Amino acid sequence: MTSSQPGILVVEDDTNLRLALRDNLENQGGYAVEEATNVREAREHLAKRSFQLVLLDVMLPDGDGYTLCRSLRDEGVTTPVLMLTARTLEDDVVRGFEAGAQDYLGKPYRLRELLARVGALVKRSGGAPTKQVRFAGYKMDLDRRKLESPDGAAVELTRTEFDLLAFLVREKERVLRRDDILDAVWGRDVVVDPHTVDNFVSSLKKKLGWNSASRFAIQTVRGVGYRMEIEAP
């Protein structure tokens, strides 16, 4: 993705439709496009970089677009969302807007209308959106890779510590195996001792000043891995 091309993430499990969207957006619109086939892949893309727009299918194999959109808004992700779906009843459209989508386009769509709506949303976004995640009083700026404590002080983290924290927060309340954490943070092709995760979790707790009164906890799940627990605001 080049800096001169607005980035669009297409989240669509239908292969033919996804490839057609990519071709049209790249060739007709001049956008830099990345693809995801489900909620998990969409989150992986969104965790790595900012986009000017997300084209989001409502029905996905591992969840639905409404829930994904709402969770992104709750996490402070401001990227505009255009929902694409065959479900165009009034209740479905309203539900999409209530989840935080900026626009809604029914399938089958007309190419000129799609490009016009995409262009309007990208222009309205005013360039790269900021990506901030808030948890337990902390503020994470995913683009600038900065962490701010509840009292406003900067928390200095290494690159790996920051990536680990972002992953734990994103997958909060889920039990994460050490191997899954290694794949997501260090990469599938990197050979690392699984217990390296333990050392980094320990370091994170110290740098975050964790204690029994903290509004979050990185819980050890014996024999498996870890689970991030965060108090509701």
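This is a predicted model: local features need pLDDT of at least 70, side-chain atom pairs count only at pLDDT 80 or more; totals for chains, interfaces and linings use all residues.
Figure 1. Because Arg40 and Glu44 are four residues apart in helix H2, about one helical turn separates them. In the whole structure, a search finds 18 salt bridges.

Figure 2. A salt bridge of 3.1 Å, N to O, joins the side chains of Lys107 and Asp57. Lys107 lies in the loop between E7 and helix H5 (111-125), whereas Asp57 belongs to strand E3, so the pair ties together parts that are 50 residues apart in sequence. Lys107 is partly exposed, its relative accessible area being 24%. Apart from neighbours within four places in sequence, the residues in contact with Asp57 are Val11, Glu12, Asp13, Gly65, Leu84, Thr85 and Lys107.

**Figure 3. Helix H3, its capping residue and its packing partners.** Within helix H3 (residues 65-74), the buried residues include Gly65, Tyr66, Leu68, Cys69, Ser71 and Leu72. The buried residues of H3 pack against helices H2 (39-48) and H4 (90-99), and also against strands E3, E5 (63-64), E6 (81-85) and E7 (103-106). At the N-terminal end, H3 is capped by Asp64, a side-chain oxygen of which lies 3.0 Å from the backbone nitrogen of Tyr66. Gly76, with a positive phi near 90°, follows H3.

**Figure 4. The open three-stranded sheet and helix H6.** The three strands of this open sheet are arranged in the order E12-E14-E13, with antiparallel pairing. Strands E12 (176-177) and E13 (216-221) stand at the edges, and each has a single partner strand, so one side of each is left without a neighbour in the sheet. Strand E14 (residues 225-230) runs antiparallel to E13, to which six bridges join E14, and the bridge partner of Thr220 in E14 is Tyr226. Helix H6 (residues 159-170) lies across E12, E13 and E14, and runs at about 70° to E14.

**Figure 5. The salt bridge between Glu171 and Arg174.** The closest N and O atoms of Glu171 and Arg174 are 2.6 Å apart in this salt bridge. Glu171 is buried, with a relative accessible area of 11%, whereas Arg174 counts as partly exposed at 45% relative accessibility.

Notes: Residues are numbered from 1 along each chain as its sequence is written. Side-chain values use heavy atoms; hydrogens and water are left out. Two strands pair if DSSP finds at least two bridges between them. Helices (H or I, at least four residues) and strands (E, at least two) are DSSP runs, numbered from the N terminus. Contact means heavy atoms within 4.5 Å. Axes are lines fitted to C-alpha atoms, for helices over the stretch in contact, and angles run from 0 to 180 degrees between N-to-C directions. Buried means under 20% relative accessible area, exposed over 50%, partly exposed in between (1.4 Å probe, protein chains only). A polar contact is a pair of N or O atoms within 3.5 Å; within protein, one must be able to donate a hydrogen and the other to accept it, and residues adjacent in sequence count only if both atoms are side-chain atoms. A salt bridge is a side-chain nitrogen of Lys or Arg within 4 Å of a carboxyl oxygen of Asp or Glu.
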